[in-house]
Amino acid sequence: MDVWLQPLMLIYAVCVGAVVGSFLNVVIYRVPRGESVVKPRSHCPNCGHLIRWYDNIPVLSWLILRGRCRDCGAPISVRYPVVELVTAILTALIVSRYGLSVAMGEAVVFVWMSIALGLIDLEHQILPDVITYPAVVLGIAGSLAGGLTTPLEAGLGIVVGGGIPIAVIVLYKAVRGIEGMGFGDVKYLAAIGAVLGVMGCLWVLIVAAILGALVGVGLMIAGRGDGRTALPFGTFLAVASIVYLLVPLPWHQLFRF
Ligand SMILES: [Zn+2]
């Protein structure tokens with residue numbers, strides 16, 4: 001790529017990522033509460049004042065207002081600018097890794113969806129269908145358009161990605177009489193299979209399980225869990241999916257269908 005075009009494109013990617021991150025904040029707050037993401041416009045949860053457009057600039061407004069509402073001075077969570085900043089950085093990293101391509105478009109949208117799913121699962125222990133189903137469609141459409149995987153890989157990915165958690169749920173229910181995973185995990189893993197293919201999906205599943213085990217043990221050592229504490233598996237799936245898309249792993253070349 002042209003030496004001048006590349007920095008310009010990355011600056012553009014950071015700006016788009018920050019604006020999308022701002023929208024993801026709305027999604028993360030409203031979707032689990034069953035509210036519309038377009039109406040009404042954002043307002044302060046404390047005093048109800050509409051957020052002025054110039055107080056709604058990603059990251060910068062929070063810094064200028066020093067994390068407080070302009071009208072009533074109520075604190076605004078640091079989570080908002082953090083989500084915007086992380087989304088901006090991840091968007092630029094994906095664009096620099098994949099360049100201008102269908103794969104880049106597919107990867108970037110999937111990362112945005114994963115940020116939303118990971119944070120909603122962390123807070124509410126749900127993975128909403130309104131995000132997981134479109135993610136499956138994204139993987140199928142991407143594979144047909146020459147994106148991250150082939151149509152065959154995407155199809156097998158859906159079957160394997162959805163099949164493994166269903167088997168885990170059935171086994172867990174039979175052995176321990178409880179649900180080890182939710183059906184949100186089934187749909188999200190099917191989407192991961194559609195977007196990343198069979199081997200990508202298996203890698204993500206293994207890494208997410210290891211992350212979950214490490215966090216579970218960590219919580220037990222810290223005296224905050226007893227081994228039966230429900231952990232947000234979707235959050236670990238989201239982290240592993242984003243790592244898989246960003247880091248060039250030899251695993252990518254192992255098996256291609
Ligand atoms: Zn206020």
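A crossing of two helices is left-handed if the near helix is turned anticlockwise from the far one by less than a right angle, and right-handed if clockwise. Everything below comes from a predicted model, where local features need pLDDT of at least 70, side-chain atom pairs count only at pLDDT 80 or more, and totals for chains, interfaces and linings use all residues. Residues are numbered from 1 along each chain as its sequence is written, and side-chain values use heavy atoms, leaving out hydrogens and water.

**View 1. Helix α7 passes helix α8 in a right-handed crossing.** Helices here are DSSP runs (H or I, at least four residues), numbered from the N terminus. The axes of α7 (residues 183–221) and α8 (residues 233–246) come within 7 Å and cross at roughly 115°; axes are lines fitted to C-alpha atoms over the stretch in contact, with angles from 0 to 180 degrees between N-to-C directions.

**View 2. D55 and R70 meet in a salt bridge.** A salt bridge is a side-chain nitrogen of Lys or Arg within 4 Å of a carboxyl oxygen of Asp or Glu. Here the N to O distance is 2.7 Å. D55 is buried at 12% relative accessible area, while R70 is partly exposed at 44% (buried is under 20%, exposed over 50%, partly exposed in between, with a 1.4 Å probe and protein chains only).

**View 3. K187 pairs with D129 in a salt bridge.** Their N to O distance is 2.9 Å. K187 sits in helix α7 and D129 in helix α5 (residues 129–144), 58 residues apart.

Technical notes:
Helix = DSSP H or I, 4+ residues; strand = E, 2+ residues; numbered from the N terminus.
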